[in-house]
Amino acid sequence: MLIDTHCHIQFKPLSNDIEGVINRAKKEGVKKMIVVGCDIKSTQEAIEIAKNHEGIFASVGLHPQDARKLTGEMWQILKKLASHEKVVAIGETGLDYFKEYSPKNVQINVLKQHIALSNELNKPLIIHNRDADEECLEILRENGASNAVFHCFGSDAIFARKVWMAGYMTSFTGIITYPKAHNLRSVVEECPLDAMMIETDCPYLSPQKFRGKTNEPSYILEVALEIARIKNVPFSEIAEITTKNAEEFFGI
Ligand SMILES: [Zn+2]
């Protein structure tokens, strides 16, 4: 029994065969998934899928790369969508200083809006962080973000410790299965069992075994297997603890 805590099955090409994608995941024991929104359209699509499927939930957010596009009107729409009963998280939001498609100060302001919404609705934050470690963590703390996950964690162990100390979660993708990802595997090795969740971030980041193919929630198994291998803990235990963590974090 596994939970994919971060997928984009509303994106192409997965959206061409939603039912097939969901059925294959269920066959592999993926009993719940969070379909993550990145803008108004993908958020609406996520909620639509969640409404029609048991065990599927949605999140509402604007990706930091598009922060510069946000208008007051758009924010009102996102806010309204966020109260839907199948919306269990706010995001993905955060800071992306690697690509910096939106100016830093704009990304920061939009992140703060998401934090306020998360606190208002008591729904946790899904954080996208790239090359903005310290600033991202500082903004979360200063603005009283109570529950947050650093999704697709890709920073080093020194920063990971700060995230765990602050009480936030880290979530790992198929990147941990890549031959060169030694540093990330050492973060996994050190990660407290109660601070970890798993995700595919599909359709991106296929695990090594399926590299070159479109990633999908059924491949989450590879991430859990790799964590079990790294930590030298039985697979069943990793499945159980990551599922429990996700159920508590998202309230699902
Ligand atoms: Zn994502």
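Which residues of strand β7 (residues 169–172) are buried on one side and on the other? M169 and S171 are buried on one side, T170 and F172 on the other, and both faces of the strand are covered. Buried here means under 20% relative accessible area, exposed means over 50%, and partly exposed is in between (1.4 Å probe, protein chains only). Strands (E, at least two residues) and helices (H or I, at least four) are DSSP runs, numbered from the N terminus.

Before going further, a word on the model. It is predicted, so local features need pLDDT of at least 70 and side-chain atom pairs count only at pLDDT 80 or more, while totals for chains, interfaces and linings use all residues. Residues are numbered from 1 along each chain as its sequence is written, and side-chain values use heavy atoms, with hydrogens and water left out.

**The sheet around β7**

Eight strands make up an open sheet with parallel pairing, in the order β1-β2-β3-β4-β5-β6-β7-β8. At the edges stand β1 and β8, each of which pairs on one side only. From one strand to the next, the twist averages 30°. Two strands pair if DSSP finds at least two bridges between them. Three of these parallel pairs are set out here.

| Strand pair | Bridges | Residues opposite each other |
|---|---|---|
| β6 (residues 148–150) and β7 | two | V149 and M169 |

T173 sits in the loop between β7 and α7. T173 counts as buried because its relative accessible area is 2%. Leaving aside neighbours within four places in sequence, T173 is in contact (heavy atoms within 4.5 Å) with C152, E199, T200, D201, L205 and V223.

One of those contacts, D201, is also a zinc donor through OD, alongside H6 (NE2), H8 (NE2) and E92 (OE), with the donors lying 2.1 to 2.5 Å from the ion. H8 belongs to the loop between β1 (2–7) and α1 (18–27), and D201 to the loop between β8 (196–198) and α8 (220–231), so this pair links distant parts of the chain, 193 residues apart. H8 is buried because its relative accessibility is 1%, and D201 is buried because its value is 8%. Donors are N, O and S atoms within 2.8 Å of the metal (3.2 Å for Na, K and Ca); water is not among the atoms, and sites may look incomplete.

Why is the arrangement of the four donor atoms called irregular? They subtend angles of 87 to 175° around the zinc ion. Tetrahedral would need all angles between 85 and 135 degrees; square planar (four donors) or octahedral (six) would need opposite donors over 155 degrees apart and all others between 65 and 115, and anything else is irregular.

Key
Axes fitted to C-alpha atoms, helices over the stretch in contact; angles between N-to-C directions.
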